[in-house]
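Trainee: Could we go through the terms used for this model, setting each value against the definition behind the word?

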Amino acid sequence: MEAFNTDYKKGLEIASGIEIFHNFTLIHDDIEDSSELRRGKPCIHIMHGIPLAINAGDGMFVHVLKSISNSKISCEEKQKVLEMLSHGFIQVLNGQGYELGWIHYNEWNLTEEDYFKMAIGKTGELIATSAKVGAYLGGANEKEILEMESFGLEIGLAFQIQDDVLNLAGEEEKYRKEIGGDIREGKRTLIVIHALKNINHEEKRKLIEILSAKENTKEEIEWSIELMKNSGSIQYAKTYAEELVEKAKKRLNFVKNNDKRKELELLADLFVRRDV
């Protein structure tokens with residue numbers, strides 16, 4: 001909002017609602033993925049059980065609606081914001097649905113475009129929606145709102161790709177999630193899709209067998225990570241994310257507030273330079 005010279009306080013309730021929605025999805029995603037760690041600590045369902053975790057997530061979703069209702073913006077703005085948020089939230093759930101479907105049907109014949117469709121929905125849309133709503137409440141025109149939405153989609157996709165990279169090449173103390181957890185969960189990442197196209201038949205068979213298993217040994221996870229390093233797939237994904245961020249930053253040329261434009265550029269850079 002400040003990029004368009006509007007006080008950020010105008011959108012605080014809406015911003016809190018988006019963040020509450022984000023954390024609601026993390027609680028439920030961790031259950032769906034059978035994850036064990038989140039932000040360096042046991043997941044909610046690990047600490048308190050699945051029923052309480054589901055109920056906590058449901059309760060958070062109700063607070064999303066409450067935050068919109070409590071906002072001080074006009075009724076017309078609330079209606080528009082609700083439309084934007086509803087669209088974005090549906091895309092997030094669709095993205096998660098694609099991924100869950102691939103796992104359920106043990107689907108491995110996937111393209112990079114399939115991954116992008118899933119990741120843009122699952123991660124990109126939430127950041128895009130945040131950028132779009134902020135621009136709208138900041139008084140941006142239609143073209144500027146669309147540019148901010150595209151900026152959010154690109155850095156959001158970059159964020160997800162970098163997260164996939166860190167899951168295999170990060171340090172657990174910094175990353176605060178299980179290194180190699182994506183292998184144990186059978187994630188269809190850009191790294192995996194690239195690797196499956198660039199390794200030999202026997203390696204492909206073994207990698208799919210490991211990714212499809214319900215449990216993996218430490219040696220299997222280490223073998224898989226080493227294979228994806230040697231195939232160039234981890235570096236490929238990292239480079240792709242960096243190029244996405246550079247493309248996104250160029251969209252910000254229209255932002256007249258130099259200081260806020262630089263802050264947005266720094267945020268975009270952080271998405272691919274982070275190690276947590």
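Mentor: Let us begin with accessibility, where buried means under 20% relative accessible area, exposed means over 50%, and partly exposed is what lies in between. Please keep in mind throughout that this is a predicted model.

Trainee: Which residues is tyrosine 236 in contact with, leaving aside its neighbours within four places in sequence?

Mentor: With those neighbours left aside, tyrosine 236 is in contact with Glu112, Leu190 and His194, where contact requires heavy atoms within 4.5 Å. Tyrosine 236 and isoleucine 161 are 10 Å apart in space from C-alpha to C-alpha, and 75 residues apart in sequence.

Trainee: What makes lysine 10 and glutamate 77 a salt bridge?

Mentor: The criterion is a side-chain nitrogen of Lys or Arg within 4 Å of a carboxyl oxygen of Asp or Glu, and the side chains of lysine 10 and glutamate 77 meet at 2.9 Å, N to O, in a salt bridge. Lysine 10 belongs to the segment before α1 (12-33) while glutamate 77 belongs to helix α4 (residues 75-104), so the pair ties together parts that are 67 residues apart in sequence.

Trainee: Are the two partners of that pair buried or partly exposed, and how do you know?

Mentor: They are judged separately: glutamate 77 has a relative accessible area of 17% and is therefore buried, the limit being under 20%, whereas lysine 10, at 30% relative accessibility, counts as partly exposed.

Trainee: How do you know that glutamate 202 and arginine 205 are about one helical turn apart?

Mentor: Glutamate 202 and arginine 205 are 3 residues apart in helix α10, so about one helical turn separates them. The closest N and O atoms of glutamate 202 and arginine 205 are 2.6 Å apart, and the two form a salt bridge. Glutamate 202 has a relative accessible area of 45% and is partly exposed, and arginine 205, at 40%, also counts as partly exposed.

Trainee: What makes lysine 260 and glutamate 263 a salt bridge, and where do they lie?

Mentor: Their side chains meet at 3.4 Å, N to O, and the limit is 4 Å, so the pair is a salt bridge. Lysine 260 and glutamate 263 both lie in helix α13 (residues 258-273), 3 residues apart, or about one turn of the helix. Glutamate 263, with a relative accessible area of 44%, is partly exposed.

Trainee: How many salt bridges does the structure hold, and which residues are linked in a network?

Mentor: The structure holds 19 salt bridges, and a network of salt bridges links Asp33, Glu99, Lys122, Arg184, Glu185 and Lys187.

Trainee: Why is α1 described as roughly parallel to α4?

Mentor: The two helices pack at an angle of about 15°, with their axes 12 Å apart. Angles under 35 degrees count as roughly parallel, which makes α1 roughly parallel to α4. The crossing of α1 and α4 is right-handed. In this contact, Ile14, Ile18, Phe21, Thr25, Asp29, Glu32 and Asp33 of α1 meet Val81, Leu85, Phe89, Val92, Gln96 and Leu100 of α4, and by class there are 8 nonpolar, 2 polar and 3 charged residues.

Trainee: What makes α10 and α11 oblique to each other?

Mentor: Helix α10 (residues 201-212) and helix α11 (residues 218-230) pack at about 130°, their axes being 11 Å apart. Because roughly perpendicular ends at 115 degrees and roughly antiparallel requires over 145, α10 and α11 are oblique to each other. Their crossing is left-handed. The residues in contact are Glu203, Lys206, Leu207 and Ile210 of α10, together with Glu220, Trp223, Ser224, Leu227 and Met228 of α11, which divide into 5 nonpolar, 1 polar and 3 charged.

Trainee: What is said of phi for serine 34 and asparagine 106?

Mentor: Most residues other than glycine have a negative phi. Serine 34, although not a glycine, has a positive phi of about 55°, and serine 34 is found in the loop between α1 and β1 (37-38). Asparagine 106 has a positive phi near 50° and lies in the loop between α4 and α5 (112-137). With relative accessible areas of 45% for serine 34 and 42% for asparagine 106, each counts as partly exposed.

How values were computed. Residues are numbered from 1 along each chain as its sequence is written. This is a predicted model: local features need pLDDT of at least 70, side-chain atom pairs count only at pLDDT 80 or more; totals for chains, interfaces and linings use all residues. Side-chain values use heavy atoms; hydrogens and water are left out. Axes are lines fitted to C-alpha atoms, for helices over the stretch in contact, and angles run from 0 to 180 degrees between N-to-C directions. Helices (H or I, at least four residues) and strands (E, at least two) are DSSP runs, numbered from the N terminus. Angles under 35 degrees count as roughly parallel, over 145 as roughly antiparallel, 65 to 115 as roughly perpendicular and the rest as oblique. A crossing is left-handed if the near helix is turned anticlockwise from the far one by less than a right angle, and right-handed if clockwise. Ala, Val, Leu, Ile, Met, Phe, Trp, Tyr, Cys and Pro count as nonpolar, Asp, Glu, Lys and Arg as charged, and the others, Gly among them, as polar. Buried means under 20% relative accessible area, exposed over 50%, partly exposed in between (1.4 Å probe, protein chains only).
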